[in-house]
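Subject: Structure handover

Hello,

Here is the structure for you to take over. My notes are below it.

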Amino acid sequence: MKILAIESSCDETAAAVIEDGRTIRSSVINSQVEEHKLYGGVVPEIASRRHAENICAVVEKALSDAGETFSSIDAVAVTYAPGLIGALLVGVNYAKGVALASGKPLIPVHHIRGHIAANYLTHPDLKPPFLCLVASGGHSHIIKVNDYTDFEIIGRTRDDAAGEAFDKAARVLGFPYPGGIYIDKAAAQGKRGEYKLPKPKVNGSDFDFSFSGLKTAVINISHHAQQKGESIDVNNLAADFQGTVADILTDHLMRAAEYTNSKKIVVAGGVSANSGLRSALEAACKKHGYELYLPKLSLCGDNAAMIGSQAYYEYLAGVRADLSLNGVASMPVDQAEPGRCIAL
């Protein structure tokens with residue numbers, strides 16, 4: 001089964017053709033990062049406009065690279081939530097138009113489900129059940145994947161997501177947006193131990209995350225140094241910050257694995273590209289005897305290939321968008337608020 005997938009939840013306009021949920025026939029991504037870098041973060045209105053300008057060419061290239069046409073694909077898939085409302089609308093409306101014009105079924109896909117499915121493309125033999133850490137700019141979740149379309153949230157962030165904390169800490173340290181990759185590079189040149197940073201906990205929950213206090217600690221260290229006319233060792237502070245984030249994510253995930261009796265650990269999302277987190281998880285899983293599955297670096301960030309992979313299993317489960325005149329707007333957006341993951 002060949003699925004044309006579209007992703008436009010944030011600042012990447014992406015399209016891909018995926019076969020049977022496991023094979024990438026094509027994957028095209030048009031990134032807006034250089035433009036948003038000018039503003040220190042994603043500007044929703046600009047993102048929406050660029051999606052509208054780029055989506056036709058991106059989809060046409062994805063079809064061309066795969067040697068397919070609108071008539072030869074079997075279904076259309078699109079990210080419906082969570083994300084920036086304007087950005088999502090561009091992808092959803094385009095996908096609806098393609099589905100209506102070609103007579104193909106339209107499969108709505110939850111963005112976080114897509115991130116998890118990126119591992120099916122990296123590891124063709126991976127099958128549920130497993131425990132998954134999803135860490136990205138907008139999300140930090142521990143999810144028990146019982147089956148391809150059966151998910152249970154074990155833990156989640158109560159404030160900032162891990163990727164958001166990386167970007168805000170990076171800005172204070174003088175790095176451009178997106179900051180995660182710059183902190184990763186700086187941390188490789190630094191040493192841990194110079195700066196004492198907190199590991200915030202959430203009262204009453206062993207698995208939920210809180211990164212707001214950690215982010216604030218880095219901001220305070222920087223501001224206090226400026227007020228005193230002192231300098232900070234950026235590389236060492238980056239190493240302490242990255243190491244602390246990796247410790248928090250790893251510790252919570254290992255406790256959740258023990259709680260759920262999970263031996264198979266999967267990681268997904270943009271933060272899964274971080275070398276410090278990867279090293280910490282590899283060491284922890286080796287210590288506990290767990291199998292660890294990490295996505296290819298090219299599949300860590302937002303992309304349409306992961307959406308097409310998950311769409312295949314949603315299709316097998318009977319998921320379809322109602323494209324009739326009475327149901328043309330009936331995408332299941334009530335399942336998740338934009339920017340948050342309420343249900344998977």
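This is a predicted model: local features need pLDDT of at least 70, side-chain atom pairs count only at pLDDT 80 or more; totals for chains, interfaces and linings use all residues.

Residues are numbered from 1 along each chain as its sequence is written, and side-chain values use heavy atoms, with hydrogens and water left out.

Sheet. Five strands form an open sheet in the order S3-S2-S1-S4-S5, with mixed pairing. Strands (E, at least two residues) and helices (H or I, at least four) are DSSP runs numbered from the N terminus, and two strands pair if DSSP finds at least two bridges between them. S3 and S5 (106–110) are the edge strands, each pairing on one side only. From one strand to the next the twist averages 20°. S1 (residues 2–7) and S2 (residues 12–19) run antiparallel and are joined by 6 bridges; Lys 2 stands opposite Glu 19 in S2.

Helices on the sheet. H2 (residues 44–66) lies across S1, S2 and S3, at about 25° to S2. H4 lies across S1, S2, S3, S4 (75–81) and S5, and runs at about 95° to S5. Axes here are lines fitted to C-alpha atoms, for helices over the stretch in contact, and angles run from 0 to 180 degrees between N-to-C directions. Contact means heavy atoms within 4.5 Å.

H4 and H10. The axes of H4 and H10 (residues 304–316) come within 7 Å and cross at roughly 95°. H4 is therefore roughly perpendicular to H10 (the term covers 65 to 115 degrees). Residues of H4 in this contact include His 111, Arg 113 and Tyr 120, and those of H10 include Met 306, Gln 310 and Glu 314. By class, the contact of H4 with H10 has 8 nonpolar, 5 polar and 2 charged residues (Ala, Val, Leu, Ile, Met, Phe, Trp, Tyr, Cys and Pro count as nonpolar, Asp, Glu, Lys and Arg as charged, the others, Gly among them, as polar).

The largest pocket holds about 1500 Å³ of space. A pocket is an open set of points on a 1 Å grid over the protein atoms alone, where a 1.4 Å probe fits, with protein on both sides within 12 Å along at least five of seven lines; lining residues have an atom within 4 Å of a point. Of its 45 lining residues, Ser 136, Gly 137, Asp 167, Tyr 177 and Pro 178 are the closest to the centre. H5 gives the largest share of the lining, 6 residues. The lining divides into 16 nonpolar, 19 polar and 10 charged residues.

Regards

Notes:
Grid points are joined across faces, edges and corners, and a volume is the space filled by probe spheres set on the points. Angles under 35 degrees count as roughly parallel, over 145 as roughly antiparallel, 65 to 115 as roughly perpendicular and the rest as oblique.
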